[in-house]
Amino acid sequence: MLEARQGAPAAPGGMYEAAAVAGVDPGAPVPLAEPPLAGLGRPFWLLWVGESITSLGTHLVQFALGVWIYQHTGSVLSFAGSLVASLLPTVLVMPVAASLVDRLERRRVIVVADCVAACMTLLMIYLLWRGQLQVVHLYAFAAVASVTNAFQEPAYQASVAGLLREDQLTRATGTMGISTTTLGIVAPTLAGALLAVLGLPGLMLLDLAAFVVGSTFIWRAFALARVPQQERGAASGLKAAVRDSFRNLADTRRFFAGSPALSCLLLYSVAQTVMLALASVMAMPLILSNHSVQSLGGVLTAGAAGALTGSLLMALLDNPRHRIGVILLCDTVLAACIAAFGLVDGVVAYGVLEFVACAAGAIVASCSYALWMGKVPATRHGSVLVLVGTLAAAGTSVVTLTAASLAEAVLKPALAEGGWAQAVAPWLGVQQGNEIALLFVLAGGLGLLVALGGFACKPLRSLR
């Protein structure tokens with residue numbers, strides 16, 4: 001949820017003077033400037049293509065597994081368990097992984113992570129073929145994928161930085177952002193269509209093929225890059241990484257204790273991130289209760305398009321003096337969309353709300369990131385972002401499990417048997433899965449209260 005201009009070109013006369021000083025014949029033909037994107041180099045493009053291909057396969061399978069879990073269990077709690085299985089290992093591993101990756105050879109980290117993911121896919125295909133695949137297996141696979149991703153993501157980002165000059169990093173980041181956004185737009189609709197034709201086994205085979213093709217590009221990129229070796233020994237690296245992570249955590253805690261405004265921003269950001277994550281998770285079972293898998297893919301694609309729109313708006317219209325005001329306003333819009341999601345039905349209505357909600361969420365993420373980077377000393381950027389991400393993941397896990405349990409154990413019986421919930425039932429937009437719809441209304445209401453609390457919090461409002 002988070003993203004130097006060089007001097008003007010010399011005049012013609014200045015160019016010839018420089019050539020003469022350097023001992024170059026001024027009459028010699030001047031080589032044409034290399035196109036900016038081509039100047040990123042072949043290793044970068046090979047790595048980018050390879051990671052994009054493997055990420056596409058991963059996106060397709062993640063969508064399909066979520067659908068499979070809900071269709072086979074019909075349980076919101078079982079579906080929410082898959083999210084928790086993919087988040088909790090990240091909470092435990094992320095602080096150490098970021099430090100450990102700096103002590104290992106990054107190309108090996110990426111290759112090992114991809115190979116582990118491929119082995120997990122092969123095992124799932126085998127279990128499907130034997131008819132033995134269970135939800136608990138998917139939880140285990142999600143946990144393993146979470147651990148490998150905690151190592152792979154920082155290794156990939158660091159590898160990109162190692163392949164390029166500092167003045168090329170902005171273009172490279174923009175290029176990677178385009179591919180990530182494009183995958184978010186294309187993958188849900190494509191997965192919905194392919195799932196109807198190929199089924200889950202077919203999508204897993206497609207993911208395996210994407211791994212083989214993508215890894216070929218990645219390994220070729222590393223072969224051409226000749227990046228320096230960084231390995232220092234896994235055992236000593238692990239000890240140092242654990243020691244550094246605890247030291248960074250203690251230093252970061254002391255830093256927030258001395259800044260009430262940033263402490264308020266931390267609490268507010270985590271609270272709103274948890275509310276958004278809860279709504280995002282529950283959107284899939286709510287839509288699948290009343291509509292097709294293809295409709296679900298279309299709604300999620302609309303959300304990705306909204307996120308792209310919000311990011312583009314921030315690139316064009318960002319006003320540093322009013323970031324906290326924009327955050328609070330957009331969070332209010334986002335909470336209203338979440339509440340409205342439980343009051344409507346129909347693919348078009350869901351798509352519009354998803355588009356607006358994700359656009360608002362992207363604006364909030366951009367402004368929040370800018371605030372953190374502007375208010376936190378550069379030496380603490382990494383540790384603060386790790387803390388924010390870890391708290392958000394932990395909070396999302398706890399709240400998602402609590403909300404899913406509440407929906408199944410309290411809201412569903414109350415709506416079925418009459419009582420207090422029966423009074424709100426006519427206002428809900430769906431008949432099937434109305435306990436999830438009511439959960440959306442409650443989550444949206446809580447989000448509005450958090451946003452209003454942000455408006456009332458003077459230290460938070462003082463941030464610029």
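User: How do I read the word "buried" here?

Analyst: Buried means under 20% relative accessible area, exposed means over 50%, and partly exposed lies in between, with a 1.4 Å probe and protein chains only. In this chain of 464 residues, 45% count as buried. This is a predicted model, where local features need pLDDT of at least 70, side-chain atom pairs count only at pLDDT 80 or more, and totals for chains, interfaces and linings use all residues. Residues are numbered from 1 along each chain as its sequence is written, and side-chain values use heavy atoms, leaving out hydrogens and water.

User: How many helices and strands are there in the protein chain?

Analyst: Helices are DSSP runs of H or I with at least four residues, strands are runs of E with at least two, and both are numbered from the N terminus. The protein chain has 14 helices and zero strands.

User: What counts as an aromatic pair, and how many are in the whole structure?

Analyst: Rings of Phe, Tyr and Trp (its six-membered ring) pair if their centres lie within 6.5 Å; planes under 30 degrees apart are stacked, over 60 edge-to-face, and the rest tilted. The search finds four pairs. One of them, Trp-45 with Trp-48, is edge-to-face, at 5.3 Å centre to centre and 90° between the planes. Tyr-126 and Trp-129 form a tilted pair, at 6.2 Å and 50°. These two both lie in helix H4 (residues 106-130), three residues apart, about one turn of the helix.

User: Is Trp-129 buried or exposed?

Analyst: Trp-129 is exposed, with a relative accessible area of 68%, while Tyr-126 is partly exposed at 39%.
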